[in-house]
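User: Please take a close look at one part of this structure. Then set that part against the rest.

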Amino acid sequence: MDDKLIKIAYLYEDLMNTYGDSGDVKILKYLLKKEGYDTQVDNISLGDEFNAFDYDFVFFGGGQDFEQTVVAQDLPRHKTTLEKYINESNPMLCICGGYQLLGDYYKTNSGVTIKGLGILPLHTIFKSDKRMIGDTRYMSEWGEVKAFENHSGQTYFDNTDKLHPFGDMIEGYGNNPQDKVEGLHYRNLIGSYSHGPLLKNTNVANAIIKTILERHERRLAQNQ
Ligand SMILES: NC(=O)CC[C@H](N)C(=O)O
């Protein structure tokens, strides 16, 4: 195994990439290069085999309702590997539509319920009161984050002992109009509604890089 090669799995890169979310992966590549690491990004698309434990980082970007419907049909094949990977505190970032699909379900504005993986006890529903569009600003454990959001799904945690938000809103909506919080931080998984891309916030990018390099060290040790 190449000890200077970081392997990133991009789940459904061809379908889940709204508002330039692939910029998150490009920023990680750039920052990792500065640390002396090359990066291999594998697009895991419809029908592809996938073992999360072959990777140092998993990325799942945002998608519109139609793409989410298509992806949701293929995704259950990967539930076991992703659930284990996440619960063993390996690093993953999910944006918007990807974040929604890790929960139990997303009920869209057309009344269709898209079944999620059910790894995280949360659900997302369309409510006719508003589409959440605009700039966001919130305080995360790594400092202030600036981004933008554009979603109609409102996300609610079903187990607030287990799930904690990624940030406290200063501006914008985040998970939903009531809770005044943004995203989710569970072990080393970040779920977020932030586009922009999120990792232009280098405080967040650097914190994620740290978890990626720790994961890489563990993977190297296991493969020796
Ligand atoms: N940008 C996105 O990923 C949108 C997610 C979802 N389709 C929603 O509108 O809530």
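Analyst: **The close look**

Leaving aside residues up to four places away in sequence, Val-71 touches Tyr-12, Leu-15, Met-16, Gly-63 and Leu-101. Two residues are in contact if their C-beta atoms, placed from the backbone, lie within 7 Å. This is a predicted model: local features need pLDDT of at least 70, side-chain atom pairs count only at pLDDT 80 or more, and totals for chains, interfaces and linings use all residues. Residues are numbered from 1 along each chain as its sequence is written.

Val-71 lies in helix α2. Helices (H or I, at least four residues) and strands (E, at least two) are DSSP runs, numbered from the N terminus. Val-71 has 21 other C-beta atoms within 10 Å, so it is buried. The cut-offs: 20 or more such atoms within 10 Å is buried, 12 or fewer is exposed, and in between is partly exposed, with C-beta atoms placed from the backbone. Gly-98 is 27 residues from Val-71 along the chain, and their C-alpha atoms are separated by 9.6 Å.

Which residues surround the ligand? They are Thr-18, Gly-62, Gly-63, Gln-64, Asp-65, Gln-68, Cys-96, Gly-97, Asn-150, His-151, Ser-152 and Gly-153. Gly-63, then, is in this shell and is also touched by Val-71. By class, the shell has one nonpolar, ten polar and one charged residues. Here Ala, Val, Leu, Ile, Met, Phe, Trp, Tyr, Cys and Pro count as nonpolar, Asp, Glu, Lys and Arg as charged, and the others, Gly among them, as polar.

Now the record. An unreviewed UniProt entry annotates residues 7-201 as "domain: CobB/CobQ-like glutamine amidotransferase". Over residues 7-201 the chain is 19% helix and 35% strand, with the end C-alpha atoms 22 Å apart. The unreviewed entry also gives "binding site" at Arg-131. Such annotations may be inferred rather than shown by experiment. Arg-131 sits in the loop between β7 (122-126) and β8 (132-140). With 15 other C-beta atoms within 10 Å, Arg-131 is partly exposed.

Last, the whole chain. Its secondary structure comes to five helices and 14 strands. The radius of gyration is 16 Å, close to the 17 Å of the globule rule for 224 residues, so the chain is as compact as a globular protein of that length. That radius is taken over C-alpha atoms, and the rule is 2.2 Å times the number of residues to the power 0.38. Of the 224 residues, 45% count as buried.

Key. A residue is near a molecule or strand if its C-beta atom, placed from the backbone, lies within 6 Å of it.
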